[in-house]
Amino acid sequence: MQDKINLIGHSEESLEIFFKNLDEPSFRAKQLLKWIHQKGELDFDMMTDFNKDLRKKLNEIAEIKAPKVLDILTSDEGTKKYLIELNSGSSIEMVRIPEKKRTTLCVSSQAGCALQCTFCATGAQGFDQNLTSDEIIGQLWIANFLEKNEKPITNVVFMGMGEPLLNFDPVMESIDIMKNQTAYSLSRKRITISTSGIVPQINKLAEITDVSLAISLHAAENKLRDIIVPINKKYPIKDLLNACKNYLSKQKGKNTITIEYILIDGINDTLKHAAILSKKLSNLSCKINLIPFNHFEGSEYKRSTDKNINAFKNYLMKKGYIATCRITRGDAIDGACGQLVGNLKKSIKGKGVIHHTSIH
Ligand code: SAH
Ligand code: SF4
């Protein structure tokens, strides 16, 4: 028997094609999106505006399945980390970050990552697999509907495991559903793609979407960035900043790029580094988000001292930048940036290692 087709990750356009093939009108797509993504309903038999025959047909050929949650860890300040199982049996992590006026979900786009940034726990694992759009939007579905007492998600950031621009189409299909008014109805400003700087994909992105873009810069000189963000050897800083300008030039409304800059003790955190950064960004419309390095097992790097973090931030502010420092949330549960590892089934880098998550 053929596998049933999972409809949870289908955009409105692909649902229209699906229903057309069943000789059903295209408005069924909107109806189904509403059931799944606004009411949280996964059972065709509960969808009262579908007639009996259609429900029967849908049950025969399709299903609506969210990924399985294996574990949930909650930190004292309310940040929650979810361990989520993929179809393959590998697992990934997502993080819910509640704040006063919003609740942000940090989603994963890949299990592992091939790019090997030297400060990142996900990168240290190597690449396992791309997520499907079912598995990406499934994270948002889980965060909104699984726990009845939780507030709905208002913001999504692609800052979990993986490089979203190297899993382009599934990420774009999931963003389509996030923005769709019959689904999650999130505005472009409430969805952020964070990338280490895949230049051709940033240019491609500029042609088709207008979501917020965050660039993981972390160093403003090629010599240093080549080491800590190795993809820089392929797409150096000048090309990356040009791609950012191109991205902004294609936007209709006002938009700025977020520059993410991790602060690692003795590596990229002196005032000299701040001065180079300030110069490099001088003609880009951006704000700078400083992220104190989060430690993970096996890393030799250390978080910058508070004194250096403040000096770095003040230097940038004096130069006229909006510079914020990301408060580390979820550190106690290893749910902070760069600490997400999941539990990958495949042996990675030929070492036959199975990486265990820090969830106990
Ligand atoms: N691959 C994408 C998105 C996932 S990483 C990217 O690199 O942008 C999300 C963010 O976490 C990035 O800004 C990344 O640089 C940061 N990060 C990775 N490891 C970190 C660590 N150990 N401490 C703090 N931030 C980290
Ligand atoms: Fe991959 Fe981003 Fe980690 Fe670099 S920082 S290894 S691009 S997940």
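What share of the contacts in the protein between residues at least 6 apart in sequence join residues at least 24 apart? The share is 66%, where contact means heavy atoms within 4.5 Å.

This is a predicted model, in which local features need pLDDT of at least 70 and side-chain atom pairs count only at pLDDT 80 or more, while totals for chains, interfaces and linings use all residues. Residues are numbered from 1 along each chain as its sequence is written, chains are lettered from A and ligands numbered from 1 in the order in which they are written, and side-chain values use heavy atoms, with hydrogens and water left out.

Figure 1. Helices (H or I, at least four residues) and strands (E, at least two) are DSSP runs, numbered from the N terminus. Along the principal axes, the C-alpha atoms fill a box of roughly 70 × 45 × 40 Å. Of the 360 residues, 55% are buried; buried means under 20% relative accessible area, exposed over 50%, and partly exposed in between (1.4 Å probe, protein chains only).

**Figure 2. Aromatic pairs, of which the whole structure has six.** Rings of Phe, Tyr and Trp (its six-membered ring) pair if their centres lie within 6.5 Å; planes under 30 degrees apart count as stacked, over 60 as edge-to-face and the rest as tilted. The ring centres of W141 and F145 are 5.5 Å apart and the planes stand at 45 degrees, so this pair is tilted. Both residues belong to helix α5 (residues 133–145), four residues apart, about one turn of the helix, and both are buried. Elsewhere, F18, F19 and F50 are linked into a cluster by ring pairs.

**Figure 3. Lysines over the faces of W35 and F168.** A charge sits over a ring if NZ of Lys or CZ of Arg is within 6 Å of the ring centre and within 35 degrees of the ring normal. K39 lies 3.9 Å from the ring centre of W35, and K204 lies 4.2 Å from that of F168.

**Figure 4. Helix α10 (residues 271–280) and its buried residues H273, A274, L277 and S278.** Seen down the axis of α10, the buried residues fall within an arc of 135 degrees, so they line one face of the helix; the arc is that of the directions from the helix axis to the C-beta atoms. These buried residues pack against α8 (222–228), β12 (257–263), β13 (286–292) and α11 (306–318). The face turned away from the buried side carries the exposed residues K272 and K279.
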